[in-house]
Amino acid sequence: DSQQADTERLSRWKKWRRTSSKSLKKALGEVKGLSSYLVLWQHDIHSIEGKFGTGIQSYFSFLRFLVLLNFIIFIIMFSFVTLPMIVSEYGLFNSTIAYISPRNIEDNCTIYEPSGNKGLVYYYTYLKDLFSGTGFLEMTSLFYGYYTIDAVWISIMRYNLPLAYLLATFAYLALSFLWIIKRSVEGFTQNLVHDADPFQSYCNKVFAGWDFCITDPNAARLKHRSLQYELQMDLQEEKLKQKIAQRTMKEKLRIYSLRIFINIIVVAILLGCFYSIYRVTVFSQEKSTVSIRNDTRTDSVNLLVQYLPSMVITLANFIGPLIFSFLITFEDYTPTFEIRLTLMRCVFVRLANIGVLMFSLWSQISDCGTDKCKPCGYNYKLYPCWESDVGQEMYKLMIFDFIVILAVPLFMDFPRKLLVTHCSCKLIQWFGQQEFQISDNVLEIIYGQTICWIGTFFSPLLPAIATVKYFIIFYIKKFILIHVCKPAARPIRASGSNFFFLAVLLIGLILAFVPLGFSIARIPSSKACGPFRNFNTSWEVIPDTILEFPTAVQQILFGMASEAFAVPFFMI
Amino acid sequence: AYKRFSELLPKEERESACSARVPKSHILTLPELRANPFQHRICHVFSTSETGDGSMSFEDFLDMLSVFSDSATLDVKSHYAFRIFDFDNDGTLDRKDLEQLVNCLTGHGEESRLSSAEMEQLIQNILEESDIDKDGTINLAEFQHVVSRSPDFARCGGLQR
């Protein structure tokens with residue numbers, strides 16, 4: 001019967017399709033499983049997630065993201081800026097350097113003698129130089145001053161180093177921006193779905209709250225606690241909202257005036273921080289330029305003076321949040337708003353401190369009272385190569401940040417834990433072990449990353465240091481988490497916090513744009529060192545290069561830059 | 001799946017695993033169920049034993065795995081979830097069921113329970129959100145309606161396999 005044969009053939013075809021799709025799915029699943037081995041730290045992060053919850057896991061995957069980002073920034077800067085320099089230094093591939101002496105510049109501006117270690121010096125001077133970025137380190141490819149050439153000739157090709165330097169800077173900024181946006185968009189859509197129906201949040205939490213994939217009893221305990229905390233928080237907030245809605249006019253007046261008063265205190269504290277950072281930076285810059293290199297004592301004092309801005313900033317970053325979390329208890333907000341506002345204030349303190357530091361550095365460099373910078377446009381006596389100086393300052397900040405992150409657990413949390421486990425004194429038991437504070441840790445690494453972004457223009461190898469630093473920090477934090485800290489009493493939900501971390505990171509990046517933009521476009525580049533000697537400012541490379549293009553290309557580029565085109569382009 | 005089922009049986013009965021029934025205590029040693037607060041309800045719902053002791057045959061085991069797998073539809077999952085949450089087996093989720101459900105979620109032990117005022121408020125909110133006919137209980141249709149709009153249910157209602 002032909003119909004029967006037809007149906008048999010059809011079902012055989014369907015059967016084949018089904019078995020092949022099943023085996024394809026299986027193969028894809030196995031490939032996915034294998035590829036998880038290739039991702040950095042996948043296994044570690046998974047085990048952290050299982051034991052400590054998704055809030056803490058989001059911190060560690062954020063850390064991993066920063067390691068990768070810094071590594072790629074380092075690759076960009078290295079391959080476009082440092083590699084041609086090194087190739088030409090050693091004459092590989094038949095390469096030579098083109099060195100054009102600056103024209104129309106007074107001789108005074110071009111004097112730059114980095115005091116490298118000449119002759120016999122004590123061994124500790126190398127150590128001191130390592131920490132302060134001066135001495136022998138100043139002349140290496142770590143800092144801007146090394147790249148004092150105009151072009152590299154590789155066989156017959158001319159490699160325009162100044163243009164490459166500037167474009168690489170723009171490239172890494174753009175890459176960071178796009179990558180962060182891409183990651184936050186993924187998180188944002190998740191967030192949207194999560195809060196899709198606020199009318200159903202209770203049902204969602206109760207009926208779908210339990211994650212059936214949990215197999216570890218510790219993780220189960222954690223999940224129980226976090227569910228309990230979430231439900232209690234939501235109920236508390238609802239009660240508080242009802243209470244707020246029933247406030248009388250007199251109470252409202254009292255609370256608003258109290259809030260205004262506390263905000264004024266907060267602003268006053270911030271201004272105090274900023275002013276002290278400014279004074280300390282000015283002091284440190286003035287004092288460290290007069291250094292006697294042979295006296296041990298003045299050398300160590302000198303090192304201390306050089307690290308003074310970093311110390312003050314770290315102190316402000318530490319004290320600020322403590323004061324803010326104390327003050328906010330008086331302001332009578334709902335718990336979630338309290339947490340967010342304190343976090344916002346801490347973020348502001350940390351990022352604004354960096355801004356004030358940059359501002360005070362610039363005020364020193366462009367300090368043009370009493371004709372100090374007439375010939376060159378900047379304070380050439382104190383700062384013959386000011387970009388290297390700024391790079392050194394960023395380098396010192398990064399090193400000090402790293403030291404603090406290493407030292408605080410070692411000298412504060414670890415002894416605290418030893419005390420708690422071995423001494424049964426009531427007071428110490430009440431004090432307890434250190435909790436793993438996610439938000440503090442995240443702000444710490446965002447602060448470090450902002451320094452890296454600002455500093456990479458002045459010190460092209462800084463991302464490499466940042467990569468190594470974050471790599472080591474991962475293992476340190478993991479060790480602290482597992483052995484030293486007790487789990488947080490208030491578990492945080494991952495989806496909201498992921499988006500928040502990326503948003504703050506984006507704020508840090510945009511903050512980094514400002515000093516960089518200012519120093520590239522407004523402050524005259526140093527005439528004594530660096531690839532931008534022959535230009536007024538670093539930005540001038542681009543208009544100059546465009547003027548060398550054929551006229552047709554110029555027209556196109558000017559058309560693109562004109563407003564009619566650029567605005568819609570950026571909108572999209 | 002058959003391998004996992006037979007591992008749960010004591011050695012002597014392994015050959016006749018197709019027809020054997022695994023007692024509840026052994027089922028609860030499965031890693032997926034060990035940490036699950038609804039373990040007893042799950043065993044009870046999927047077990048077809050007449051004595052009501054919660055023991056499961058191989059078919060019951062397969063049923064359980066298929067409902068919890070990724071390829072089960074939302075309908076199937078929500079149907080079984082309703083039965084699991086229905087602690088007194090009366091076909092609706094009333095206040096007592098909800099109370100027991102919340103207690104299961106927040107964990108065992110005295111300090112992990114919500115206070116009675118909080119529990120009242122929570123149950124009130126849940127009923128407000130899901131009880132459409134306002135009869136004070138949630139029946140299967142209302143439950144499925146609520147769950148279909150919940151973004152978390154599809155993600156977390158599955159065993160990892």
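View 1. The side chains of K477(A) and E444(A) form a salt bridge with an N to O distance of 3.6 Å; the term stands for a side-chain nitrogen of Lys or Arg within 4 Å of a carboxyl oxygen of Asp or Glu. This pair links distant parts of the chain, with E444(A) in helix α14 (residues 438-456) and K477(A) in helix α15, 33 residues apart. Helices (H or I, at least four residues) and strands (E, at least two) are DSSP runs, numbered from the N terminus. The model is predicted: local features need pLDDT of at least 70 and side-chain atom pairs count only at pLDDT 80 or more, while totals for chains, interfaces and linings use all residues. Residues are numbered from 1 along each chain as its sequence is written, chains are lettered from A and ligands numbered from 1 in the order in which they are written, and side-chain values use heavy atoms, with hydrogens and water left out.

**View 2. The salt bridge between K478(A) and D44(A).** The closest N and O atoms of K478(A) and D44(A) are 2.9 Å apart. K478(A) belongs to helix α15 (residues 462-484) and D44(A) to helix α2 (residues 42-52), 434 residues apart. K478(A) is buried because its relative accessibility is 17%, and D44(A) is buried at 19%.

**View 3. The salt bridge between E331(A) and R345(A).** The N to O distance here is 3.2 Å. E331(A) sits in the loop between α10 (308-327) and α11 (335-365) of chain A, and R345(A) in α11, so the pair ties together parts 14 residues apart in sequence. Both E331(A) and R345(A) are buried. Over all chains, the structure holds six salt bridges.

**View 4. Helix α3 of chain A, residues 54-89.** At 1.5 Å a residue, the 36 residues of α3(A) should span 52 Å, which agrees with the 50 Å between the end C-alpha atoms; the expected span is 1.5 Å times one less than the number of residues. A kink of about 45° is centred on F78(A), the bend being the angle between axes fitted to the seven residues ending at a residue and the seven starting there. Just after α3(A), G91(A) has a positive phi of about 65°.

Key
Buried means under 20% relative accessible area, exposed over 50%, partly exposed in between (1.4 Å probe, protein chains only).
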